[in-house]
Every structure is written in structure tokens, then in C-alpha cells.
Amino acid sequence: MAIVPLLFLAALALVHHPLLVNDITDLATLNRLQEHETRLTTEMGRLQVEMDQKNWNWDLKQNREQWNTDDLEAGDGTWDGWPYVGLVILLLFGCCRRTAEKEPNDDSSTDSSSTTTNGEDFEDTDQEPEDYQSKQKLLEAFYEQQIDSGTGDMPSLCDFVEMLVNDLIEESRNQNLLLLENCIGVGSAFEGWSTEVSKTFCILVPILPPKGHSFHIETSDSEGAPGKHGHILVEVECLCKRERLLGDVVCSLHHPERELSKEEQSKSLMHVLCTSSHLDGEKTIQWFQALVNKVWDALGQKYNLSLTIQNSNKTCRLKLELPSRKEIFIDILLGVQQGDSLIFLTTQDDQKGSLNGMVWHRSFAVQELLFFKWVSQRAPKDSCHLKCLQILIFFRQSSIPEKKNPVLTNYHYKTCLMHLLLFRPLSYWEPEQIAQRLQDLLLHMNTALEEKYLEHFLIGNISLPIQIPLPKSLRSAVPFNLFEYLAQDPRLHAQAINEFVQVVEQVRTLWLAPEE
């Protein structure tokens, strides 16, 4: 008869079964669980004290043998535990039936984001699927109208820009100061996240020393902490053998006392482009700008467009006016390859703009380009990762007042995206997940601003795919903080937060807009 109450309880469990909850536990539930755990721990301690006071001997092995002896009494040899098996099966049936009946909100996403400025936070609550669907429609419509309409011809423009720069390099082969190699397209346009607001193409032109010279890269790397900049030492090599055989050169290494004529000085790398035996980036850019201006006179007949060279000490900036009256800009960086790696020391502007001509910036642009190609080969079709970045970059660029240097740059948002792409499954970036992933991107930037810490994506990243070439010393190095200057300057930190809030507010305004 003892089984009757148990069967009655099982029937009650089938009728009044508990509701299933999501895998994600809210704060109130966590607090209740912690309080329950504390009560159980206290009760266990009290029972243990009572057992010690009564001198109970808790021998698990002995008790187990006693249980077996008591349970299996001599009798007819049959086991009377089948009612309990029926009870277990009955309970399992009830659980399975309840599992098959899904709640409508079981699959709702819990993506959230927050901002710490002006005392205003992102809503950290579960979103209904309908909310994300409406946000997805708004984002897709905004993207098609504001971004995609102006970037649809980007792949063909990229090919055109590379062809133009390679033609400029080919026309410059007859000069002897530096050897120019074929260009490499890097940056937003070639990585796939450029916007109409700033249609700029970044081109890297590797340079090599002429015969009789060699480049030696000097960096400020300390143990485990790679430097951001470096110098390029130019050394003269021995040309005595060529001097004896051909007689068209004089070995300046072994004839330093020989004075060069003005014509020879104008063709000497050490006299034209160096400062204190180091390659000067500003002099090199000015020389390259003059070279482009010279060769364009001959090459301009091939292209039906207008080319203007804009003044800059760190890049050769070209402004092109196409026959369609559309304007595009080309930033040509000159770079020296560091050993056998794909790391370059380039003439790129430093973020603070305080470097002199002899200091070159260490660039990982080629590795970042390869990473985006690696992602595109593995991400879902029509993945939304580039769209998310383009939308935020569009809002950031449209909110910057003219002639004002922003604290947060496109590279900071790009770094946040690269971290998310690497540490989350690429399947998360399905096209219909654009609203959730945009929130993730904002949340990552918000956290970085809160902590004033944003790790460089490549340096010290041991999780980087092996398809991205990076020296072992840099993979295992201590990552440096891209937001270090924010931690040192509260004024800049406040300005960065202000800029971020403007982007967030534009996203909110877009999400709250009524659907057409």
C-alpha cells in the first residue's frame, strides 16, 4: 500500500508539472540559489556536529553491505521493486511530454549592450523575436539606402586603383634611388567595409634599397613587449668587384674620401633620402610625390581623368576625378618589409601625429587583410559582420564635426569586430542575426571604454589562425593596450565616451523609427 501515495504524487506531477526555464538564469534566481546553498551547507554542518556528539560510525562500505543484506532477504528469490520502476517510467514520460511542448519565448535572444555615459544604459533585458525581426528590417533597409547604394561598385574600383598605382610604379623603374615593388591594396576598401562617407583607398608600396645599399630595421622591442615604431638604417655595401669589372661605379665604402659631384649626389640615396644614415620617411614621401607628378605627364594620356597630388608628409595622397565627376582618394604608403614576415615599417601617420621623419610606423595591414579573407571563406553566405561594422562607421563618420580630430577611430571599431569574429563561432553571423550582432559590437566597445583597455588584435593573440602569418615572438608577446592613452588622459577618455554615445544614439534612433 505504500506505493499508492507515490503513484498519487506522480499523477500530480503530470498535471501540475513545473514550467521549464531558459538556460540563462536571471539575477533573482541566482540569489535564491545561493541562499538555498548557504542553508544546506549550514544544515549539513549542524548534522555533522550531532553525529560527532553521538559517536556515530559512518562506514560507507559497512553500511552498503548491511543494506544489501537487509534488502535481499531469504524468500522466494523475487524482487518486489517493479512498482518503483513503473513510477520512474511514469515520471520520465511526464518530463518528455513537457519538453515537447515548447514555450513561445524559449528561443528568444538575450543579447544586450550598455553604455556608462550620462547615467543611461542599454536595456539589458531579453528581446522578443519580433523585436529583432523588426530591427533587422530597419537595419537592412538603412544599409541598402545609405551604404550599399554607394559601395556597390567598390570591387571594380579596387581593381582600377591597383592597376593605376602599378602603372605609376612601372613608369618609375628607370630611377635609381629606390626599387619599387608592385602595390598591395589594404585597408577598409579591400577588406570590404568601406562606406560612401569616405571613399578612400589605401595602397602599400614595398620599397627595396638600390644596389650597393642595404636596409636594417631597428625597433624598440623589449623582452615580451614589441614596439610600435622603428628606424631604418641604411648601410653602404662594398662595390669593389663591380668597380673593377665594369667601372661604372665607385665603391664609396672603400673610397669615402672621394667627393661626389652634384649630379652624383642627386642620385645618391644617402644624400637625398637619409638623415644621419637613417631613411627619412618625410623626405622619401616628398621624393615619391615628385616622382608621381613627373611620370603622370606621360601616363595621363592613358587615363581619362584628373589627378591632383595633395600635400602630406606621411602619405602620397592622390585625388582622382573620374569622368563621372565622382571623386576618390588614394593614400599611397611606402613600406620596408621586416625580414621574411609580412610586417612593414611604413610612412603611415601616427595617431598623435608627433613622430619625426626618421620614425616609421609598424603596420600589420597585410595580416589584417588576410584575416578578413580567412573569415569570408568560412562565414555563412551573406554574413552580416561587415554590414555591422559599416553601419557603425557610417554613424561615426557622419557625427564628426569638420576639422575636429576624433579620439575613437575606425580602427578601434574594426579591432572590436575582429575580436568578436575570432572568439565567437562564425555561424553567429547569419544575415538574420544582424541586430543581435550589432548589439554585441556596441557592448564590446562599451566594455573597452569602461575598462580603458582594448587589446591589439594580433600582438599576443595565441588564438590567431595559423593561416595568418605572424612571427612566434609576436604571437607570444604581451598584448599592448590601444586605449592606453585614454587611461592616461581623463579628458580624452571623456571625449571618447561622448563620441561613442553619439553613435549609440543614432543606432537607437534608427531602431525606434517606424517601419514604412
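Me: Two strands pair if DSSP finds at least two bridges between them. Helices (H or I, at least four residues) and strands (E, at least two) are DSSP runs, numbered from the N terminus. This is a predicted model: local features need pLDDT of at least 70, side-chain atom pairs count only at pLDDT 80 or more, and totals for chains, interfaces and linings use all residues. Residues are numbered from 1 along each chain as its sequence is written, and side-chain values use heavy atoms, with hydrogens and water left out. Which residue in β3 is the bridge partner of I184?
Reply: Strand β2 covers residues 184-186. Three bridges join β2 to β3, and the two run antiparallel. In β3, I184 is bridged to L204.

Me: Which residue in β3 is the bridge partner of L179?
Reply: Strand β1 (residues 179-180) pairs with β3 over two bridges, in the antiparallel sense. Within β3, L179 has as its bridge partner L208.

Me: How many residues of β3 are buried?
Reply: Buried means under 20% relative accessible area, exposed over 50%, and partly exposed in between (1.4 Å probe, protein chains only). Strand β3 runs over residues 200-208 and is mostly covered. Of its nine residues, the number buried is seven.

Me: How many salt bridges does a search of the whole structure find?
Reply: Side chains of opposite charge can pair when their charged atoms come close. A salt bridge here is a side-chain nitrogen of Lys or Arg within 4 Å of a carboxyl oxygen of Asp or Glu. With that cut-off, the search finds 13.

Me: With which residue does D153 form a salt bridge?
Reply: The closest N and O atoms of the pair are 3.2 Å apart. D153 sits in the loop between α5 (129-151) and α6 (154-171), and its partner sits 173 residues away in the loop between β9 (316-321) and β10 (327-337).

Me: How far apart are the closest N and O atoms of E327 and K319?
Reply: E327 is partly exposed, at 37% relative accessibility. K319 is partly exposed too, at 25%. In their salt bridge, the closest N and O atoms are separated by 3.5 Å.

Me: Is D440 buried or exposed?
Reply: D440 meets R424 in a salt bridge, 2.5 Å from N to O. R424 lies in the loop between α14 (410-423) and α15 (434-451), while D440 lies in helix α15, 16 residues away. R424 is partly exposed at 29% relative accessibility. D440 has a relative accessible area of 7%, so it counts as buried.

Me: Which residues touch the most other members of the largest nonpolar core?
Reply: A nonpolar core is a set of buried Ala, Val, Leu, Ile, Met, Phe, Trp, Tyr and Cys residues joined through side-chain atoms within 4.5 Å. The largest one holds 62 residues. Elements giving it two or more residues are α5, α12, α13, α14, α15, α17 and α18 (490-512). The residues touching the most other members are F371, Y413 and F483.

Me: Which residues is F371 in contact with, leaving aside its neighbours within four places in sequence?
Reply: Contact means heavy atoms within 4.5 Å. With neighbours within four places set aside, F371 is in contact with M418, L421, L422, F457 and I468.

Me: What separates the C-alpha atoms of L482 and Y453?
Reply: L482 lies in the loop between α16 (472-475) and α17 (484-488), and is buried at 13% relative accessible area. Not counting residues up to four places away in sequence, L482 touches Y411, H412, T415, L454, E455 and H456. Y453 is 29 residues from L482 along the chain, and their C-alpha atoms are separated by 6.8 Å.

Me: What is the phi of D382 near?
Reply: Most residues other than glycine have a negative phi. D382 lies in the loop between α12 (365-378) and α13 (385-398), and is exposed at 54% relative accessibility. D382 has a positive phi, near 60°.

Me: What is the phi of K452 near?
Reply: K452 is in the loop between α15 and α16. K452 counts as partly exposed, at 29% relative accessibility. Its phi is positive, in a residue other than glycine, and is near 55°.
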